[in-house]
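Subject: Structure for your review

Dear colleague,

Please find below the structure that I am handing over to you.

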Amino acid sequence: MLIAQMTDIHIGFAPGEEPEELNHSRFRAALERLHEAPNRPDMLVLTGDITDHGDRESFATTVALLAGCPFPVWPMVGNHDSREGLLHAFPQVRAAEGGFVHYVLEQDGLRIVLLDTVEPGRHGGAFCEARKAWLTARLDEAPAAPTFIFMHHPPVVSGIDWMDPDPGEPWVRRFGAAVEGRGNVLAIHCGHLHRPLAARFRGIPLHVTPSIAPLVALDLRPTDPDRPDDRTLITTEPPSYALHRWDGATLATHYEVVSDWHVLARYSAHLQPMIREMFADRE
Ligand SMILES: [Fe+2]
Ligand SMILES: [Fe+2]
């Protein structure tokens, strides 16, 4: 099974202006890879900040850009979205108790948990007692099943100071308590940071998929909120998406940067000896 993940598309950033077309074209280019690639996914997960303002019009534009996808699309909210806008645009998703947009998918023996880490009006993450209880109940339902968690906000400190949570934030501790010691949680994949990141959280591998929208600059110096220092914040680095491959035993994650390149070698008769040799090495 192949699960594609795209995150932080930010449709509606600047309607009618050039930066808006930039996000459309970056999203279109990434989607084209899924259509034409030899790796067509079984589903596409959108891990939040699908829109920039959460309005119905931006969600409608997103749905129009997704039209023709031959695979199901499963969205979740980011801090820039609104639950109301998302639920209106994606009728395949229903709000859970408390109005949260969190749900579980099951396919090919894998449980895929999509979380809601949004608190309206707040840039950073949120994970209240109600959501902790919901996640705990879902994990308790199948404590041995291989499980994969998607959430918008990474609960770790990346070093990109202005985007980071404080490690002691209550929502991080609450989420940590819910997943601590759960050996069946194979990985946590996030968005929000607009940069690739690999880390561990309570012993669980945690990754951030880079954004479709422009990227956050890689600058690990501390940020002083009282003193602008003209550092680069956002760049035009190309968009990326993740392709998570589950074969029933291993969950392997690939990333593709959506940009132009040239083919340097093909699997031709000329290169067949090299391929044969690589297979011969297998024991
Ligand atoms: Fe974002
Ligand atoms: Fe975000």
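The largest pocket has a lining of 19 residues, and those nearest its centre are His 10, Phe 13, His 194, Pro 214 and Ile 234. Please bear in mind that this is a predicted model. The space in the largest pocket amounts to about 320 Å³. Sorted by class, its lining consists of nine nonpolar, seven polar and three charged residues. Helix 1, which spans residues 18–36, gives the most to this lining, namely three residues.

Helix 4 (residues 129–141) and helix 5 (residues 170–179) have axes that come within 9 Å of each other and cross at roughly 15 degrees. Angles under 35 degrees count as roughly parallel, and therefore helix 4 is described as roughly parallel to helix 5. The crossing of these two helices is right-handed.

On the side of helix 4, the contact is made by Glu 129, Lys 132, Leu 135, Thr 136 and Leu 139. Helix 5 contributes Arg 174, Phe 175, Ala 177, Ala 178 and Val 179 to the contact. Taken by class, the residues of this contact between helix 4 and helix 5 comprise six nonpolar, one polar and three charged.

With kind regards

Key
Residues numbered from 1 in each chain as written. Chains lettered and ligands numbered in written order. Predicted model: local features only at pLDDT ≥ 70, side-chain atom pairs only at ≥ 80, totals over all residues. Heavy atoms only, no water. Axes fitted to C-alpha atoms, helices over the stretch in contact; angles between N-to-C directions. Helix = DSSP H or I, 4+ residues; strand = E, 2+ residues; numbered from the N terminus. Parallel < 35°, antiparallel > 145°, perpendicular 65-115°, else oblique. Left-handed = near helix turned anticlockwise from the far one by under 90°. Contact = heavy atoms within 4.5 Å. Nonpolar A, V, L, I, M, F, W, Y, C, P; charged D, E, K, R; others polar. 1 Å grid on protein atoms, 1.4 Å probe; cavity = no way out; pocket = protein on both sides within 12 Å on 5 of 7 lines; lining within 4 Å. Points joined across faces, edges and corners; volume = space filled by probe spheres on them.
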